[in-house]
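Open the model in your viewer and follow the stops below. Begin with the ligand, then move on to a sheet.

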Amino acid sequence: GMSKEHIMEIRSKNINPMTSKITYYKKPVFIHQGHMQWLWDMDGRRYLDLFAGVATVAVGHCHPKVTAAVEKQLKKLWHTTNIYVNAPLHEYCEKLASHLPDPLKVIYLTNSGSEANDLAMLMARIHTGNYDIITFRGSYHGGSQQTMGLTSQSSYKYPIATSSGCTHTMCPDVFRGPWGGSHCRDSPVQTIRQCSCAQGQCMANEQYIGQLKETFAASVPSRVAGFFGEPIQGMGGAVQYPKNYFKEAYKLVREKGGVCIADEVQTGFGRTGTHFWGFQGYGILPDIVTMAKGIGNGFPMAAVVTTPEIAASFAKAYHFNTFGGNSVACAVGSAVLDAIREDGLQQNCHHVGTYLMTELAKLRDKHKIIGDVRGKGLQIGVEMVKDKTSREPLCPQAMMEIFEDVKDMGVLIGKGGLYGQTFRIQPPMCITTADVDFFLAVFDKAIH
Ligand code: PMP
C-alpha cells in the first residue's frame, strides 16, 4: 500500500486545496477500512464513527446485505441511462414510493443532494410560474450555483456565483434567538424585534410564530415559487423549530402560491426515530421531498419525490441526466431500504437516540461550556459556549482541541452551526447504547 508520506505529497500536489480546508483534523486520520459503525485507520487503530461521512452511512459501513446486493448487480448490469427501460429502477422506485404518504409517489432520481434540490427548485418554478424561493436562515441546501442561493450560511456563498431569487427570511433558532443571536455574522434580512433576553429562549411559541408572520409580510414577495426547509437543520447544528412553526410556514407559503419542499437529505430514512421522514414529526405534508446521503449508504444517489400534479407540470419541460437511476445505485437503494426495516434501524434511532440525549443532558448540567443539547433520534447537536449566561460560542481553538482529543481517544464526531460551535452526532443508525457509553466517557474526559 501507499505510505502516509506519499499520500500527503499527492494531497499537496494533485488534490485541490479546498479538500484540505474541509478536513477537520490537525493530525489527519487516514481511514482505511470500515465495518458497520466502526472505522480503522492505516495503523490499525479503531474508531467509533459517530458522523457517518456526514450522516450518510445510514445502515453501516460495508453492510453485508447492501454489499451483497451491489456485488450481484455489478455482475449483471451497470448502466443504461433512462433512455432504456430497466428493471432495477422500477423495482426501486416502487419500494421507495411505498415509504412515502399519498400523494408523494412520483420519483426522479439524481446523484447528490445539491442536484436534487436544484431540480426541486426548477419543478417549483415551472409548476407555479413564480420565481422567488424562501428558506430558513442557518439552512444548508447544497453547493451548486443554484442551491448556494438556497443555502443561507454565508461561508458557503460566493457573491459572484450565488443565484438570485432566494430570500432567507426566518431564523427559528430557539437557543440563539430569531436571528441567530447577537454574535451572528450573517446579518438579518431586516431588523426585527428581539426578545428581551436577546437569546430567544424566553419567547413563547406564539411570539415566534408572530415574528414569522411579520417577516413574511415585510420581506417576502407577494408571489413565491416555493419554500425549502430541513425538518432539523443539519449543517446549521441540529436546529429544531418551535411547535407549529413549520405548519405556519407552510400555510404562509401556500397563501403566496408557493409549493413546500422538505429537504430530507439529513433527516430522512428513519434517522429521527419516531418517523421515517422528518416532516412527519411536525404533522405537515410537503409537495416535494428531496433526499440524498442515507438513501445510498455512501453510494452517490439522490431523489426528488413529488405529487402527480407537479410531476406533470415538470414533464412539460425537457430534462435529462446521465446517471440518475443507475442500475447499481438502484440495487443499493433497495438493499438500504430492506436493511433499515430488517435491522429495525428506525426503532434503534429512537431507542439509542433517546438514551444519548438523556445522558448528554446530564453532561450539559455538569459542564459550564455545554450550552445546549438538542435533536431527535440520531441527529443530535451539542452546542458549546464560553459560559451559559452569555451563550457566546466557544472559540474555534477550544472546539478544535476537544474535537481532536475525542478523535485521539477513538471517536469521530462532526461539527456545525453558524460559528462552528456545535458538535454533531449523526452516526450509522446501528450504534448501540454500549457505543454511547464509550462516547460519553470520551467526551466527558475531553471537555475536562
Ligand atoms: N441538503 C442538506 C440538508 C445537506 O445537508 C446537504 C449536504 N450537506 C445537501 C442538501 C447537499 O447535498 P450534497 O452534498 O449531496 O450535494
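Select the ligand. It sits in the second largest pocket. Keep in mind that this is a predicted model.

Now show the residues around the ligand. There are 13 of them, and Gly 113, Ser 114, Asp 263, Gln 266 and Lys 293 come nearest. Colour the shell by residue class: three are nonpolar, seven polar and three charged.

Next, select helix α6, residues 113–128. This helix gives the most to the shell, with three residues.

Zoom in on Gly 113. One of its backbone N or O atoms lies 2.8 Å from an oxygen atom of the ligand. Step to Ser 114. Here a polar side-chain atom lies 2.5 Å from a ligand oxygen atom. Then pick Lys 293. An N or O atom in its side chain is 3.2 Å from a nitrogen atom of the ligand.

How much of the ligand's accessible area does the protein cover? On its own the ligand has 390 Å², and the protein covers 85% of that.

Finish with β2 (residues 38–41) and β3 (residues 46–49). These two run antiparallel, joined by three bridges. Strands of a sheet pair through backbone hydrogen bonds, so display the backbone atoms here.

Terms used
Residues are numbered from 1 along each chain as its sequence is written. This is a predicted model: local features need pLDDT of at least 70, side-chain atom pairs count only at pLDDT 80 or more; totals for chains, interfaces and linings use all residues. Side-chain values use heavy atoms; hydrogens and water are left out. A residue is near a molecule or strand if one of its heavy atoms lies within 4 Å of it. A polar contact is a pair of N or O atoms within 3.5 Å; within protein, one must be able to donate a hydrogen and the other to accept it, and residues adjacent in sequence count only if both atoms are side-chain atoms. Accessible areas come from the Shrake-Rupley method with a 1.4 Å probe; for residues, only the protein chains shown count as cover. On a 1 Å grid over the protein atoms alone, a cavity is a set of points where a 1.4 Å probe fits but cannot get out, and a pocket is an open set with protein on both sides within 12 Å along at least five of seven lines; lining residues have an atom within 4 Å of a point. A molecule sits in a cavity or pocket if more than half of its atoms lie within 2 Å of its grid points. Helices (H or I, at least four residues) and strands (E, at least two) are DSSP runs, numbered from the N terminus. Ala, Val, Leu, Ile, Met, Phe, Trp, Tyr, Cys and Pro count as nonpolar, Asp, Glu, Lys and Arg as charged, and the others, Gly among them, as polar. Two strands pair if DSSP finds at least two bridges between them.
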